[in-house]
Amino acid sequence: MTGALAFDIASLHEFYAGGRTIHEVVDRVFARIAEVNDTGIFLHLSDRQVLLAEAQALGPFDAEAKPLWGIPFAVKDNIDVAGMPTTAACPDYSYMPTADAAVVRLLKQAGALVIGKTNLDQFATGLVGVRSPYPIPRNAIDANLVPGGSSSGSAVATAQGIVSFALGTDTAGSGRIPAGLNNIVGLKPSVGALSTAGVVPACRTLDCVSVFALTVDDAWRVFGIAARYDATDAYSKDIPATGYGPLPPALTIGVPAKTDRQFFGDTVMEAAYENALAMLAKIGHRIVEVPFGDFYDVANLLYEGAWVAERYATVKDFFDTSETSFHPVMRKIYGAAKTLSAADAFNGFYALQALKQKVQPIIASVDLFCVPTAPSHYTLADLVAEPIRENSRLGTYTNFVNLLDMCGIAVPTGKRADGLPASVTLLAPSGQDGLTAALARDVHQAAGVTMGATDWSLPTAATPTAVTEDEMIDLVVVGAHLSGMQLNVQLRDLNAQFSREAQTSDAYRLYALAGQMPAKPGMIRVEPGKGGNIDVEVWRLTPAAFGRFVAAIPSPLGIGTIDLSDGTFVKGFLVERAAIAGATDITEFGGWRSYSSAQTNQRAQGTG
């Protein structure tokens, strides 16, 4: 797919700001649909004249009042759009909603235009994108491959440049797998962050509305608009869109131990994942291998007992009266659930709770995780031969995520050696959506790929300012609380937000304190010009979190007012002067991170 006008949001808004019209964009949308010529993408298309009337109602271009003004998007056909049938890819189930789903309403209010409803694995059950009675959407990169599901049509519509973004859903990986297989971004929010009111449920306790986009900035913009607490959704949570700002210079990123990684013989995908980890290390982050067996055990629970029964419960009345309306694979999955008992469900809950307890220390030991989005690419022929096994394998790195209440984002990392798309997924605990997205933004930029299946160059990412509350307190950290170091977890546990890197004025000296475990520095104030500019980080905490943090600081450390080189004054770590007796002056290193790195190098060379 080629074209002079890219469909990322910034490019379209620049187009509109230059005096061009929505009419031109609508024409381009329908021209692209014709050019792609894939009857499997859309199950229902908006009428061109209706779209133009909706566009007219937006009034003059105003991206501040309506941040999605004139932006075309698609909606997975298990999410209601008023006036368009909802089928969940089951024609006999079809109904005509009179109101938009909550997320659709919010996006329309922000100025976005619904182009149509997209195909899916029936009732959002599957990761392959071929479990539909309608024509199967073609993978946008290679038509021989599966498009990925269940949100297949939404992913392909985005990757083909037909729309700027699309809504999917994600219970087991349906917002991530299709993104990874089609070279686009797939944001899976924290469970409950986006309302599921007006969404045909798969597993109500786990379901998420997800966002496919050409860029991370676009996915985050959509998330920021749609992340609203909804009292009509019993599973809605108040998870604000915050934290998408400057990244700490050194994150600790957990990855599956090499002996635990599963690629099912796909050495090309394995090499692509190694390249992605090398990219992360190159841009300054610390890669830590962690045991992953228990995560796989959690993943296996999703299609056992409790959660299979939950899928059946959501459509029980329809299935019991209309079983022949279901796709053969769906019929097998849902039919098996009828034999399950309440005891089976509770046993599943018990098994999950036990596994949560085992993996929690691993989750807490890192800032976030980086896993392959999918372990392999599968062809349509592969699915004919093994329709269940290959689907299950695609969920290797996705099925456990919602069960563990984590957020995630799939992001392209370039091309594999065979030219097919490579992708990783970044995962973190609930509420850390901004952290995963901010790192994904950097990864996408470093990958240097074009957008989806188009030849559109990836635009330079914005440098967003973290969304923070005015009353939050800045804190200067100088030692083991720096990002990527041992005690940074204490800040993360308090939901502190990284603000910026900085330097002190030249009125400070830094010492490696004697007898401290773990090793700690101490910084003291001296006369201006008698010290050095010490590298520090500034983090932000709520007043309550700041109070808890300060209360836990052990002697001889304390909190004072730090004079930074930019002329600002911020509360931060100082040490009692008596503590520097026997300490080593390390001011010349310019900071604790540089000193620690030098010590590590000395030990590696056997000279220290």
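Let's start with a cluster of rings. Tyr 93, Tyr 95, Phe 123, Tyr 312, Phe 318, Phe 319, Phe 326 and Tyr 334 are joined into it by ring pairs. Keep in mind that this is a predicted model.

How many aromatic pairs are there? The count is 35. Take Phe 7 and Trp 456 as one of them. Their ring centres are 6.0 Å apart and their planes stand at 25°, so this pair is stacked. The cut-off for stacked is under 30 degrees. Now look at where the two partners sit. Phe 7 is in the segment before helix H1 (9-17). Trp 456 is in the loop between helix H16 (433-447) and strand E12 (473-477). Are they buried or exposed? Phe 7 and Trp 456 are both buried.

Edge-to-face needs an angle over 60. Tyr 93 lies in the loop between strand E2 (72-76) and helix H4 (102-109), and Phe 318 lies in helix H11 (residues 316-321), so this pair ties together parts 225 residues apart in sequence. Phe 318 has a relative accessible area of 15%, so Phe 318 is buried.

Next, charges over rings. Arg 48 lies over the face of Phe 30, at 4.6 Å from the ring centre. Arg 441 has its charged end over the ring of Tyr 244, and here the distance to the centre is 4.9 Å.

On to salt bridges. The model has 22 of them. Asp 170 and Arg 176 form one, at 2.8 Å from N to O. Both of these residues, Asp 170 and Arg 176, are buried.

Glu 274 and Arg 261 make another, and their closest N and O atoms are 2.8 Å apart. Where do they sit? Glu 274 is in helix H8 (residues 267-282). Arg 261 is in the loop between strand E7 (252-256) and H8, and the two are 13 residues apart. Glu 274 has a relative accessible area of 29%, so Glu 274 is partly exposed. Arg 261 comes to 13%, so Arg 261 is buried. There is a third partner here. Arg 261, Glu 274 and Glu 289 are linked in a network of salt bridges.

One more bridge. Arg 593 pairs with Glu 537, with the closest N and O atoms 2.7 Å apart. Arg 593 is in helix H19 (residues 592-604), and Glu 537 is in strand E16 (residues 535-541). They are 56 residues apart, and the pair links distant parts of the chain. Which side is buried? Glu 537 is, with a relative accessible area of 2%. Arg 593 is at 29% relative accessibility, so Arg 593 counts as partly exposed.

Last stop, Ser 565. Find it in the loop between strand E17 (557-563) and strand E18 (569-575). Its relative accessible area is 47%, so Ser 565 is partly exposed. What does Ser 565 touch, leaving aside neighbours within four places in sequence? The contacts are Gln 503, Thr 504, Ser 505 and Asn 533. Take Gln 503. In sequence, Ser 565 and Gln 503 are 62 residues apart. In space, their C-alpha atoms are 5.7 Å apart.

Methods:
Residues are numbered from 1 along each chain as its sequence is written. This is a predicted model: local features need pLDDT of at least 70, side-chain atom pairs count only at pLDDT 80 or more; totals for chains, interfaces and linings use all residues. Side-chain values use heavy atoms; hydrogens and water are left out. Rings of Phe, Tyr and Trp (its six-membered ring) pair if their centres lie within 6.5 Å; planes under 30 degrees apart count as stacked, over 60 as edge-to-face and the rest as tilted. Helices (H or I, at least four residues) and strands (E, at least two) are DSSP runs, numbered from the N terminus. Buried means under 20% relative accessible area, exposed over 50%, partly exposed in between (1.4 Å probe, protein chains only). A charge sits over a ring if NZ of Lys or CZ of Arg is within 6 Å of the ring centre and within 35 degrees of the ring normal. A salt bridge is a side-chain nitrogen of Lys or Arg within 4 Å of a carboxyl oxygen of Asp or Glu. Contact means heavy atoms within 4.5 Å.
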